[in-house]
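Have the model open and follow along step by step.

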Amino acid sequence: MIAEKILNGEIKTAEELQREKKKIGVRKAPNNYDILKKIPKKHRSKKIINLLKTKPTRSKSGVNVIAIMCKPHKCPHGRCSYCPESMISKKTPPSYTGNEPATMRAIFNKYDAYKQVQNRLRQYYLTGHVPEKIELIIMGGTFNSLDINYQNKFIRDAYQALNDYPNSRETRVSLREAIKTNEQAKHRCVALVIETRPDWINEKEIKRFLEYGVTRVELGVQSVYDSVLKKVNRGHNVNDTIKAVKLLRNAGFKIDFHIMLGLPFEKKLSIKERIKKDIEMFEIIFNNQEFMPDGLKIYPTMLVKNTKLYEDYKNGKYAPINDEYVIKVLVKTKPKIPRWCRIKRILRDIPLNATEGNIRKGNLREIVWKELKKRKKKCNCIRCREVGHVKLTKKIKEVLNIKSYNANNGKEFFISIDDLNNDALLSFCRLRLGKNAIIRELHSYGSALPLSEKPTENSFQHKGYGKKLLKKAEEIAKAHNYRELKVISGVGVREYYRKQGYLLKNNYMIKKL
């Protein structure tokens, strides 16, 4: 009935949809996904899809993200001065308060990976999404510092939850079987992300990451100043970060940095001096080939009770930063971010009411955008140019671009298909030429399409961009006298590469050139 009224134009807005549901009754009313299934694919216009999809930005980057938490545990190095680890009787992972959405889901599901994944899949379907391409992020501190048996079980359960949904079962298969099944499952893990520390990266850890199907590593770098790292009791130094980045990049992983603004230095500095040092930090990150991260999560330092930093503040040893501080730093740094880097966050998901109020605005990204626009400047990072986030006002004009830069004694090629008229990024490939030729990432943007669905006029996935980029990467590698090309592939993308002539060997997809 509701589907018919949508097709007939009787229901055009979210408000009208909710009124119709109330007439039926909360328990009897179908969810948005079930309504969408009743509408023939040929009649699913962009307006209808957006009407039935709650929070469409969840899939605008081409994947559906599922963030799950490992069990609470102590950080191997101790406790950072800003860490709110003890807020809920240590029943939450390090650096979380227990009030974040991902943490609350984890607590509700008793930190069970299987239940967390299935719960999130269910939420996606209820809000009209079709989450067949999953980016799975494992949060909760230094995951790889936990017992190896626990790690194996957690990863296995996450894969099996994807494989089983919408069904669930008590019997568990082996880790290897769960991974193999996911290669052709309905809900495929196209990217597996692990958060860890720079001092917990070595050859042994990298080998296990590859066995798990990890494709991206998020490093808690926090700062590129040793004096800051020492002051906050971070437990690692800048040299640890340099070593970790080199190992990870040479193995083909994508690398994100977690960077914090407003941390204290050993020597007390004025706010003006600290702003200058934070701006310089980004210059160091992108001018020193030992760093050059693919992505950034930028976290302003939030003041939280029951932390060493809060004690320093009460004793007059630390001056908290505020929104104005963050805006000043980002307005200066964002226009200088390379086109091959993606700024993923500009604020932690710690609720602002769980802090002491030094950061009050939850929409800092939007505020910075507006300020840059006033100054006739813009950010060119990937996130700001993704076709799913850019308003298309002109006819699309596709062009292939290649940007190269040096990193960790190797050559990086950022090969992209861009929309020249709207300055929008459609698809890209990261190729590294070092000891091996290796593709570290291949990604197409726009709203995530189900695996078997053909592209429409308004979609950008499944249009052959990946094949074009792959071919170009092969040409570049061959021109530089490499005899084979490796791909660090998400488990759920292995079938795609097989169709392009690649074979699985030692956890990489490999093709002879």
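**Exercise 1.** Find out what the side chains of E412 and R440 meet in, and where the two residues lie.

*Solution.* Start with the contact: E412 and R440 form a salt bridge at 3.0 Å, N to O (a side-chain nitrogen of Lys or Arg within 4 Å of a carboxyl oxygen of Asp or Glu). Helices (H or I, at least four residues) and strands (E, at least two) are DSSP runs, numbered from the N terminus. Then check accessibility: E412 is buried at 1%, and R440 is buried at 0%. Here buried means under 20% relative accessible area, exposed over 50%, and partly exposed in between (1.4 Å probe, protein chains only). Finally, widen the view: a network of salt bridges links E412 and R440 with R249, D294, R430, R432 and E441.

This is a predicted model, with residues numbered from 1 along each chain as its sequence is written. Local features need pLDDT of at least 70, side-chain atom pairs count only at pLDDT 80 or more, totals for chains, interfaces and linings use all residues, and side-chain values use heavy atoms, leaving out hydrogens and water.

**Exercise 2.** Work out which parts of the chain the salt bridge of E283 and K336 links.

*Solution.* First, the contact is 3.8 Å, N to O. The pair links distant parts of the chain, 53 residues apart: E283 sits in helix α12 (residues 271–287), K336 in the loop between α14 (323–333) and β7 (342–345). Lastly, E283 is partly exposed at 34%, while K336 is exposed at 56%.
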